[in-house]
Amino acid sequence: MALRPDEFYDHAVAVADSERRLPLARMTGWEISPFEPDGLRVAPLRPPVLPEPTRHGEDPSDCNACRDRDEGIWINDHWRLVRIPGVGVPLVLMLYPRDHYDMADLPDELAAELGLLSTRIVRHMQALPHISRAHVYRIGDGGAHLHVWFFARPEGQAQLWGSWLVVWDDLLPEYPADVAEADAEIVADALVACHGGHRSPTSEPAA
């Protein structure tokens with residue numbers, strides 16, 4: 001059984017300093033880190049807050065993802081794919097179920113399609129010129145409607161490898177939107193060819 005919230009907090013701060021600051025992560029010493037360790041310090045670890053804040057979309061009637069269920073660059077009966085604008089890496093796509101599900105309550109048939117779709121999206125993103133990898137992320141702390149991220153890593157940028165990619169994305173200048181849109185359309189066309197569904201006019205999700 002996992003530690004209770006208070007037990008987890010006590011366990012963590014046992015190795016913290018007098019201000020509840022944990023030691024720097026080993027990751028900050030990796031050569032792919034966007035930060036130099038000198039001068040960095042960890043924010044104080046705050047005590048647990050219960051109950052946790054309500055995520056956006058816990059009530060489907062107030063869910064932006066449900067409201068936008070017909071928008072995206074590619075759509076089929078169950079899923080839609082959108083391009084995320086304003087990013088620093090070459091391409092960021094997000095896959096949503098069109099109906100209101102989170103990962104844990106996704107029906108088995110949609111879970112199976114999620115696996116196949118994720119593989120195909122990665123395959124088509126990595127087939128784009130000058131893209132080396134497509135990273136896949138599912139977080140879910142901020143939104144109750146399942147959303148899966150796909151980040152394209154640019155070729156040759158070894159410093160952008162691995163788990164720091166999303167941080168680098170936030171630091172880099174905005175990637176040219178016309179280039180990203182053209183690449184997103186290539187991925188959407190490839191999905192239509194291999195998975196069915198249809199292209200939809202490029203749309204940007206609401207902030």
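Visitor: How many salt bridges does the structure hold?

Guide: The structure holds 11 salt bridges. The model is a predicted one.

Visitor: What makes the pair of arginine 21 and glutamate 19 a salt bridge?

Guide: The closest N and O atoms of arginine 21 and glutamate 19 are 2.9 Å apart. The cut-off is within 4 Å, for a side-chain nitrogen of Lys or Arg and a carboxyl oxygen of Asp or Glu, so the pair qualifies.

Visitor: What makes arginine 55 and glutamate 58 a salt bridge?

Guide: Their closest N and O atoms are 2.9 Å apart, and the limit is within 4 Å, so the name applies. Glutamate 58, at 41% relative accessibility, counts as partly exposed.

Visitor: Which residues are linked with Arg55 in a network of salt bridges?

Guide: Arg55 is linked with Glu58, Asp102 and Arg138 in that network.

Visitor: Why is the meeting of aspartate 189 and arginine 199 called a salt bridge?

Guide: From N to O the side chains of aspartate 189 and arginine 199 are 2.8 Å apart. That is within 4 Å, so the pair counts.

Visitor: Which residues have the most contacts inside the largest nonpolar core?

Guide: That core has 26 residues, and those with the most contacts inside it are Trp79, Leu81, Leu91, Leu93, Leu95 and Met125. At least two residues each come from β2 (79-83), β3 (92-97), α3 (108-126), β4 (131-138), β5 (148-154) and α5. Helix α3 gives the most, with 6 residues.

Visitor: What is tryptophan 79 in contact with, leaving aside its neighbours within four places in sequence?

Guide: Its contacts include Trp74, Leu95, Tyr96, Pro97, Leu110 and Leu146.

Visitor: Which residues does the second, separate core include?

Guide: The second core has 17 residues, among them Ile32, Val89, Phe151 and Trp164.

Conventions
Residues are numbered from 1 along each chain as its sequence is written. This is a predicted model: local features need pLDDT of at least 70, side-chain atom pairs count only at pLDDT 80 or more; totals for chains, interfaces and linings use all residues. Side-chain values use heavy atoms; hydrogens and water are left out. Buried means under 20% relative accessible area, exposed over 50%, partly exposed in between (1.4 Å probe, protein chains only). A nonpolar core is a set of buried Ala, Val, Leu, Ile, Met, Phe, Trp, Tyr and Cys residues joined through side-chain atoms within 4.5 Å. Helices (H or I, at least four residues) and strands (E, at least two) are DSSP runs, numbered from the N terminus. Contact means heavy atoms within 4.5 Å.
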